[in-house]
Every structure is written in C-alpha cells, then in structure tokens.
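Please examine the sequence and the structure shown here before reading the briefing.

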Amino acid sequence: MNGDCIFCKIIKGDIPSKKIYEDDEVIVFNDIHPLAPVHFMLVPKLHMESLANCSAEHQALLGKMLLLAPKLAAEQGLQGFRTMINTGREGGQEVFHLHVHVFGGGSSLPKT
Ligand code: 5GP
Ligand code: ZN
C-alpha cells in the first residue's frame, strides 16, 4: 500500500470506481477515461510500480491477471480484446501501480 497512489486509494475504497471484479489479490475496474466502448484495468492489490519492478515472486500473480483478462472480457460481451501494459514514463505509464489495460467493443482499434 502506498499512501500517495491513486490505485491504492481505489483498492482501499477511498476513491470510488466502477468495479467489475475483486478477489483477495486483484481488483478490476473501468478506466475513468475509456479509450474504447469497453476499457477496464486489472490491478494487483499489492502495490508494485510497474512490470519493470516485478520478479519471480510475482509470477503467479501476473499469470493470474492474464488468465482473468479473457474471462472478464467475455463477461463484458467482448468477442476479442486488446491488452496493454504501459511500463515506465517512456512507455506511456502515468499511474505507477502496475495495471493491465483491456480494450474492446469497437471496430476502430488500430492495427499494430
Ligand atoms: P497508464 O497510462 O498509467 O497506463 O494508465 C493509467 C490509466 O488510469 C489511464 O487510462 C487513466 O484514465 C486511468 N485513471 C487515472 N485515474 C483514475 C481514477 O481515479 N479512476 C479510474 N477508474 N481510472 C483512472
Ligand atoms: Zn498503489
């Protein structure tokens, strides 16, 4: 838990969010500024800054989040989706608490 971290505040319930899933290790909520008709983020409850700060001890948690993504995407009605993990300022990360974006529901996702 990091007192200055916006996602830690959401996990604590101090900041409201549109939660779509929660267990003891992971919370999933909609992005406040959605970039697609469906746009949610999988967030570990453990405060870790980014993917670059993860190590072998986080392997199970990272795997769990990735396996949750297709389940929750299907629950949200998506036939397919895109995941994104911005890492570090140069990687476009703005909130320094690891999160996996899931986007879908639009026909306008750019080809990469
Ligand atoms: P990043 O650029 O770090 O990968 O993405 C951070 C994301 O968090 C952004 O898409 C932004 O819209 C979202 N975000 C920032 N503050 C809040 C908030 O208070 N609530 C929610 N639900 N999303 C937030
Ligand atoms: Zn945090």
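On a 1 Å grid over the protein atoms alone, a pocket is an open set of points where a 1.4 Å probe fits, with protein on both sides within 12 Å along at least five of seven lines; lining residues have an atom within 4 Å of a point. A volume is the space filled by probe spheres set on the points. The model is predicted, so local features need pLDDT of at least 70 and side-chain atom pairs pLDDT 80 or more, while totals for linings use all residues. Residues are numbered from 1 along each chain, ligands are numbered from 1 as written, and hydrogens and water are left out of side-chain values.

**The largest pocket**
- The largest pocket holds about 530 Å³ of space.
- Among its 23 lining residues, Phe-7, Asp-31, Ile-32, His-33 and Met-41 are the closest to the centre.
- Helix α1 (a DSSP run of H or I, at least four residues) gives the most to this lining, with three residues.

**Ligand 1**
- Ligand 1 sits in the largest pocket, meaning that more than half of its atoms lie within 2 Å of the grid points.
- Of the 16 residues around ligand 1 (a heavy atom within 4 Å), Asp-31, Glu-94, Val-95, His-99 and His-101 come nearest.

**Polar contacts of ligand 1** (N or O pairs within 3.5 Å)
- A nitrogen atom of ligand 1 is 2.9 Å from a polar backbone atom of Asn-30.
- An oxygen atom of ligand 1 lies 2.8 Å from a backbone N or O atom of Val-95.

Definitions and conventions
Helices (H or I, at least four residues) and strands (E, at least two) are DSSP runs, numbered from the N terminus. A polar contact is a pair of N or O atoms within 3.5 Å; within protein, one must be able to donate a hydrogen and the other to accept it, and residues adjacent in sequence count only if both atoms are side-chain atoms.
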